[in-house]
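Work through the exercises below with the model open beside you. Try each task before you read its solution.

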Amino acid sequence: MPGAMAAPQSAAAMELPVEPQSLKKLSLKSLKRALDLFSPIHGHYSPPDPQSKRIRISYKVQAEYGSVTNLAGQQAGEQKVIGDQTSTSMALVLPGSQEANASQNDGNQNAIIPAPPMLPKGPEIGPASRNTGAVVSVTDRYQSTSTLMERIPSRWPRPSWHPPWRNYRVISGHLGWVRSIAFDPSNTWFCTGSADRTIKIWDVASGRLKLTLTGHIEQIRGLAVSQRHTYLFSAGDDKQVKCWDLEQNKVIRSYHGHLSGVYCLSLHPTIDVLLTGGRDSVCRVWDIRTKAMVMALSGHENTVCSVFARPTDPQVVTGSHDSTIKFWDLVAGKTMATLTHHKKSVRAMALHPKERAFASASADNIKKFNLPKGEFLHNMLSQQKTIINSMAVNEDGVLATAGDNGSLWFWDWKSGHNFQQAQTIVQPGSLDSEACIYALSYDISGSRLVTCEADKTIKMWKEDPSATPETHPLNFKPPKEFRRY
């Protein structure tokens, strides 16, 4: 019985508990085992082999100075024959040869032994070293391979130089937040919509108020001016979309159908169609002549807050609070593609006036996409770290983005380099929390920028004419990777 009891106890003693080990600990153990196998002395290279080094240097000297060594020997022989007084041997003596050893043993100070040349670019092992089993030392190998490393030039395009923008005019006239803006195609006036439920028309050159339109009962979030008609379109939180005849300065049509506030508005460039998006998650297409809804582009899961139209497919592009961008087939009324690159709400988009590309902005970053397929190009190289409400780009390739914290950033379109960061100054008597820019737009020429802000003002910006590349140098560092998701 005692023997029977001892057997289970010995078996239990042999079964030791296995300690759970993490992947990092197992990796470190494997690395230590490899070091134990291949490097007996940790932190030190293996000692250099003087014989292999001497053989390598001799072959290097023979390869580079082989044609000169015989000539030098002939000259030295002639010098010995001419003057027996000269005991100097001008022959190049290879290191480790008998002549060099004899001269060193005799104490001849005049014997010239060449210094070992620079190490070659790579380990060169001659046939003699292969036969004798010579091994290139570790230190020589590391020193020689470092010379082979080349600096790979960056494939990122270098940005063009743009002069900085400065504020030159502040227009005060609204009694509420200024939420939307649109320019006249003739570039003589622009209109702004505000939370005071009015639309004001301003002169571009002087900044004076020309006209005030009333009719909405909530704040106005979208404006658009037709290029082919004397019509102004407005949309707001009161679910209404209105068409104003600027010859009579009154509403001639109202488009009913939205179930909630209308947040964005755009006109098709070639056909008489109006596009509106709102909190009902639907982009509605209206015939501006008959005030009838042509179709409802449904597919988003949250508020449609940005929209623009193109003459070719995709004719309609929408951005939503569900963090997606959708391309729409206007004939079939269906989605052509859905871009899911953003992680936050896509509140603003900007179509380039010349290139077939557009940019979209959300709280995570600003991205560029190609058209018509929607291939992702790259992110902008900096992060504004705020909610971006509006963005616009001109023909010179200057992209402007406006944030909730009053930041106005200017970017180079080609490279995504942020070359200026401006901060708006609130109107005296306003709170610092009202330094929000809700909308911005370039004029038709692209030389002026107008921002609409929460301190009830409209600010106009233009390029600094006195700036030069010397006074405002371009501080650009290309990113390490080419594609940034």
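Two strands pair if DSSP finds at least two bridges between them. Helices (H or I, at least four residues) and strands (E, at least two) are DSSP runs, numbered from the N terminus. This is a predicted model, in which local features need pLDDT of at least 70, side-chain atom pairs count only at pLDDT 80 or more, and totals for chains, interfaces and linings use all residues. Residues are numbered from 1 along each chain as its sequence is written, and side-chain values use heavy atoms, with hydrogens and water left out.

**Exercise 1. In what order do the strands of the open sheet from β14 to β17 lie?**

The order is β14-β15-β16-β17, and the pairing is antiparallel. Now find the edges: β14 (304-309) and β17 (334-339) each pair on one side only. Neighbouring strands are turned by 25° against each other on average, direction ignored. Axes here are lines fitted to C-alpha atoms, for helices over the stretch in contact, and angles run from 0 to 180 degrees between N-to-C directions.

Finally, zoom in on one pair. Strands β15 (residues 316-320) and β16 (residues 325-329) share 4 bridges. Val316 has Trp328 of β16 as its bridge partner.

**Exercise 2. Find the largest nonpolar core.**

Such a core is a set of buried Ala, Val, Leu, Ile, Met, Phe, Trp, Tyr and Cys residues joined through side-chain atoms within 4.5 Å. The largest one has 14 residues. Ala361, Ile366, Met391, Leu399, Trp411 and Trp413 have the most contacts inside it. Two or more residues come from each of β18 (348-351), β19 (357-361), β22 (388-393) and β24 (407-412).

Now pick Ile366. Contact means heavy atoms within 4.5 Å. Leaving out residues up to four places away in sequence, Ile366 touches residues including Ala361, His378, Met391, Leu399 and Trp411.

Technical notes: Buried < 20%, exposed > 50% of the residue type's maximum accessible area, 1.4 Å probe, protein only.
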